Amino acid sequence: MKKKILVVEDEEGLRLLYEEELKAEGYEVLTAGNGKEAIQQLEAGKPDLIILDIVMPVMDGMEALGRIVGKERKIPIILHTSYSGYREDFMSWAADAYVTKSADLGELKDKIRVLLVKGKAR
Amino acid sequence: MKNVLAMILAGGRGERLYPLTRDRAKPAVCFGAIYRIIDFTLSNCLNSDVRRIYALTQYKSISLHRHIQLGWNILSAPLGEFIGVIPAQQRIDEHWYQGTADAIFQNIYTLQREMPDLVLILSGDHIYKMDYRKIIGLHLEKKADLTVAAIRMDRRLSREFGVIEVDGDWRIVGFQEKPEEPKTIPGDPEGILASMGVYVFNTEVLVRRLIEDARSDSTHDFGKDIIPEMIGKDRVFAFDFRHADRGGTGYWRDVGTIDAYFEANMDLISVTPQLNLYDPQWPILTYQSPHPPAKTVWEEEGRAGTAFNSIISNGCIISGGSVKRSILSPKVVVHSYAETEDSILMEGVDVGRYAKIRRTIIDKDVQIPQGMEIGYDLDEDAKRFTVTGSGIVVVPRWIRL
């Protein structure tokens, strides 16, 4: 069965890009434009992994991270942001990986593979 | 000590202290006539020079909040000192605290903001006098990630405590929560080391372990989950309470039950109590509203205001009644010909003429009508009050008699 990834990203262009790239890798992709939509998708779509932008309107990724962990303690989460400074926020340590956005999606794809193998084993 | 942040867990329901905890959390329960249980932990902090303090509350927190606001607004904010109360606010997640570790995890933003080097985690439920500088000193000396305060207890009590197993260097090598067959102290087969719920953590290690715990199936409890998990991978040490015991008597009480609460109070009216409240080097602070001094009135045959072996607080009037071996909070009135023996009367209790009270705890503001007897016929008392196994009667607040 295809693994399901939830991409949470407020910039539509990027969201489409990631969606296409990940579909090409063989994943099923769900999308959300902010943290609040992400939580709805978490419940409705039951993803296997979440890629979470931080700076977003409505509900940012850091707040969504806490709420997601409260609902689904073990789901793998990758923080995916243009800013490296959030690494210093304690809450960011609750994510399984922290990937700085780049034109090359290699690092992101590697992390996805590793974390999907690990899955919810914790 | 400026790099230390104290977090006091003050959200316990204290169900076994019901009905004293019907209207208030356990840390807000009155103790020793004028104190609240949390006053001992807060006083320990100030006397230990720990002056950045948060109390984390949850259930029935108004009474506690009010007490801290009125009585403990004594630190200097410009110097970076504070005693703050943080109610459960669902900042991270939409549920009440699920365990002691979850209570701290849900306040991770507070740790982020304060950025202390060390976090001193305490319980607001315990009565003891401890110099926290000593455990912090050991923690730094051992370069520990976590140091847990431990007190020797008889091994037969193991089912009431988290039991710590140490090696010769007092490094913790095992931790069992309420075990039947406890690991005893090396060289002391009748003794166990009980965790006092006093923890010193390096902040970064604390945050990492809390997050790991939050992301796993766990009861989210320091004793059951965090400490056992850390033993294998971090530097975890035990600290012997005797090295920091300001009373020198090894006094530490959980007062988890009505009977334990009653006994711990009654200790205070003995000639030399185990818990010394008179040490000028270690004052126990509290909030007291202003009342005139206690007084006794009437000196007639059969109608004399008397008190023996008792604690009488400000605002009390012993008016022609007799008080023996009892603890009276402020503003208690004992009217003519009334008798109270071996009892705890909380603030504002009024004992009517000819009433007789024995081995009874009466909660705040209760009016005992003329001639009523409590504590003499336990079967009768049990019809309307709580009566404990050892025969202590508890008259709850708000009751109309």
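Just after helix α1 of chain A, Gly26(A) takes a positive phi of about 100°. Helices here are DSSP runs of H or I with at least four residues, strands are E runs of at least two, and both are numbered from the N terminus. The model is a predicted one, so to speak of local features takes a pLDDT of at least 70, and side-chain atom pairs count only at pLDDT 80 or more, while totals for chains, interfaces and linings use all residues. Residues are numbered from 1 along each chain as its sequence is written, with chains lettered from A and ligands numbered from 1 in the order in which they are written.

Helix α1(A) itself covers residues 12–24, and its 13 residues reach 18 Å from first C-alpha to last, close to the 18 Å expected. The expected span is 1.5 Å times one less than the number of residues.

On confidence, the predictor gives the complex an ipTM of 0.85 and a pTM of 0.92. Chain B averages a pLDDT (the predictor's per-residue confidence, from 0 to 100) of 94, and 100% of its residues score at least 70.

Now for the place where the chains meet. Twelve residues of chain A are in contact (C-beta atoms, placed from the backbone, within 7 Å) with 13 residues of chain B. On the chain B side, α4 (108–114) and α6 (203–214) each supply at least two residues, and α6(B) gives the most, with four. By class, that side of chain B has six nonpolar, three polar and four charged residues. Nonpolar takes in Ala, Val, Leu, Ile, Met, Phe, Trp, Tyr, Cys and Pro, charged means Asp, Glu, Lys and Arg, and the others, Gly among them, are polar.

Within chain B, an automatic or database assignment gives domain 1 (4–267) and domain 2 (295–395). Their centres, taken over C-alpha atoms, are 35 Å apart. Nine residues of domain 1 of chain B are in contact with 16 of domain 2. Helix α8(B) (258–267) gives the most to the domain 1 side, with four residues.

Methods: Contact = placed C-beta atoms within 7 Å.
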